Amino acid sequence: MSYKGKYTPQNIPKYKGDWKNIVHRSMWERQIMKYLDENPAVIEWSSEELIIPYYDPVTNRQRRYFPDFYVKVQRPDGTIREYLWEVKPHKESVQPVLTESATKAQKRRYAMAVRTYATNAAKWKAAREICERKGWTFH
């Protein structure tokens, strides 16, 4: 079942980018969009508007990564913080493990999980480096 759709913000001035073309690829992303749009502490936000180059070790190519969210927040003490957020299932954020008794099907799933994890790790490394340079935080 696909949960892909378009999101139309209620607070258009808060959205940084093309507010007419905001796409969510999961219900998690949609819920976060609604939260960012409605939260008064959020000064600015965008979805997949930022491009980060990275080297993909799976394809051995330079590629482009579009983090799910950029968020600019004013904290209760008045300070401004900026973040990049990525929304993924937990299983894609941890290194896969293969048991000795794995079946052929489990080995195939493991191989695919290893590729997914390697690509994600490369994207997130590039995102953390950008965030470090800009004084942002990556989640």
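# Fold, cores and pocket of a predicted chain

In this predicted model, residues 24 or more positions apart account for 50% of the contacts in the chain with a separation of 6 or more.

User: How far apart are the end C-alpha atoms of helix α2, and what should the helix span?

Analyst: Helix α2 covers residues 104-134, which is 31 residues. At 1.5 Å a residue, it should therefore span 45 Å. The end C-alpha atoms agree with this, at a distance of 45 Å.

User: Which strands are included in what covers the buried residues of α2?

Analyst: The buried residues of α2 are T119, N120, A122, K123, W124, A126, A127, I130 and C131. Buried here means under 20% relative accessible area. The cover over these residues includes β4 (52-56), β5 (61-65), β7 (80-85) and β8 (137-138).

User: Which strands stand at the edges of the open sheet?

Analyst: The sheet has 4 strands in the order β3-β6-β7-β8, with mixed pairing. A strand with a single partner has one side left without a neighbour in the sheet, and so the edge strands are β3 and β8.

User: Which residue in the hairpin of β6 and β7 takes a positive phi?

Analyst: This hairpin has 5 residues between its strands. The positive phi, near 95°, belongs to G78.

User: Which element gives the most residues to the largest nonpolar core?

Analyst: This core has 13 residues, and those with the most contacts inside it are I52, Y65, L84 and F138. With 6 residues, the one that gives the most is α2.

User: Which residues does Y65 contact beyond its neighbours within four places in sequence?

Analyst: Y65 is among the residues with the most contacts inside the largest nonpolar core. Contact here means heavy atoms within 4.5 Å. Leaving those neighbours aside, the partners of Y65 are L50, I51, I52, Y54, E86, K123, W124, A127 and F138.

User: How many residues are in the second, separate core?

Analyst: Its members include M33, L36, F69 and V73. The residue count of this second core is 12.

User: Which element gives the largest share of the lining of the largest pocket?

Analyst: About 260 Å³ of space lies in this pocket. The lining has 17 residues, with D68, E86, V87, K88 and K123 nearest the centre. Elements giving two or more residues to this lining are α1 (27-38) and β5. The largest share, 3 residues, comes from β5.

User: What percentage of the residues in the chain is buried?

Analyst: The chain has 139 residues. Buried residues make up 32%.

Conventions:
Residues numbered from 1 in each chain as written. Predicted model: local features only at pLDDT ≥ 70, side-chain atom pairs only at ≥ 80, totals over all residues. Heavy atoms only, no water. Expected span 1.5 Å × (residues − 1). Buried < 20%, exposed > 50% of the residue type's maximum accessible area, 1.4 Å probe, protein only. Pairing = 2+ DSSP bridges. Core = buried A, V, L, I, M, F, W, Y, C linked by side-chain atoms within 4.5 Å. 1 Å grid on protein atoms, 1.4 Å probe; cavity = no way out; pocket = protein on both sides within 12 Å on 5 of 7 lines; lining within 4 Å. Points joined across faces, edges and corners; volume = space filled by probe spheres on them.
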